[in-house]
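User: Could you take me through how the helices of this model pack together, step by step?

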Amino acid sequence: EEKYQIVFCGSGAEAKQISSWVKQSLPSELAEAFFKIADNILLTGDFDYDKYFQPFLSIMQNSFLATLINNCDIYVRRTLRYRYLDALDQAGIAVDIFGNSWPQGRFKHHRLHEPVNHEEALHIMDCSHLSLCISDSKPFGSHERVLDEMLRGNICLTTRSSFWQEHFNEN
């Protein structure tokens with residue numbers, strides 16, 4: 001059975017799809033605000049979407065505001081996913097990536113594989129030394145993948161969150 005060094009299971013959808021939606025669907029002032037918020041989150045790592053979108057509560061319906069926040073989160077996650085994987089690739093660290101929509105030829109060292117379902121992903125992670133869970137947008141909680149890995153006795157590298165800081169310490 002194949003043993004992987006580092007694996008990542010997830011979609012390769014890019015942020016530019018959200019960017020196109022914003023530019024086509026929103027008035028220019030709101031689109032500009034959307035990108036300023038996303039850029040600030042990417043720059044500071046402060047994922048308090050409610051705080052950033054609070055000024056818009058009085059001028060739009062909650063359902064549309066929820067759509068904006070959700071799309072901002074997706075935009076930020078997709079941007080960071082590529083940022084981290086690009087950095088590993090540039091450092092010569094190969095990752096086996098399982099998922100759809102990954103662009104062919106973007107990475108020099110990573111190996112792209114077909115998408116897998118949840119059970120197959122768990123098996124692949126069982127056959128790896130390390131799995132990545134890029135989930136910056138969950139600063140107050142965790143992605144279930146990290147908890148699945150812990151329960152199975154595997155090692156998962158994820159991003160910092162107040163949830164992890166509350167439940168674990170560096171010692």
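Analyst: A nonpolar core is here a set of buried Ala, Val, Leu, Ile, Met, Phe, Trp, Tyr and Cys residues joined through side-chain atoms within 4.5 Å. The model is a predicted one.

User: Which element gives the most to the largest nonpolar core?

Analyst: The largest core has 27 residues, and those with the most contacts inside it are F34, F53, C72, Y75 and V76. At least two residues of this core come from each of α1, α2, α3 (49–53) and α4. With nine residues, the element that gives the most to this core is α2.

User: Where in helix α1 do the buried residues lie, seen down its axis?

Analyst: In α1, which covers residues 15–25, the buried residues are A15, I18, S19 and V22. Seen down the axis, these buried residues fall within an arc of 105°, so they line one face of the helix. The exposed residues K16 and Q24 are carried by the face turned away from that buried side, while the buried residues themselves pack against α2 (28–44) and α4 (62–90). The place asked for is therefore one face of α1.

User: Is α1 roughly parallel or roughly antiparallel to α2?

Analyst: The axes of α1 and α2 come within 8 Å and cross at roughly 150°. Angles over 145 degrees count as roughly antiparallel, and therefore α1 is, relative to α2, roughly antiparallel.

User: Which residues of α2 make the contact with α1?

Analyst: On the α1 side, the contact is made by I18, S19, V22 and K23. The residues of this contact divide into five nonpolar, one polar and one charged. On the α2 side, the residues are A31, F34 and F35.

Definitions and conventions
Residues are numbered from 1 along each chain as its sequence is written. This is a predicted model: local features need pLDDT of at least 70, side-chain atom pairs count only at pLDDT 80 or more; totals for chains, interfaces and linings use all residues. Side-chain values use heavy atoms; hydrogens and water are left out. Buried means under 20% relative accessible area, exposed over 50%, partly exposed in between (1.4 Å probe, protein chains only). Helices (H or I, at least four residues) and strands (E, at least two) are DSSP runs, numbered from the N terminus. The arc is that of the directions from the helix axis to the C-beta atoms. Contact means heavy atoms within 4.5 Å. Axes are lines fitted to C-alpha atoms, for helices over the stretch in contact, and angles run from 0 to 180 degrees between N-to-C directions. Angles under 35 degrees count as roughly parallel, over 145 as roughly antiparallel, 65 to 115 as roughly perpendicular and the rest as oblique. Ala, Val, Leu, Ile, Met, Phe, Trp, Tyr, Cys and Pro count as nonpolar, Asp, Glu, Lys and Arg as charged, and the others, Gly among them, as polar.
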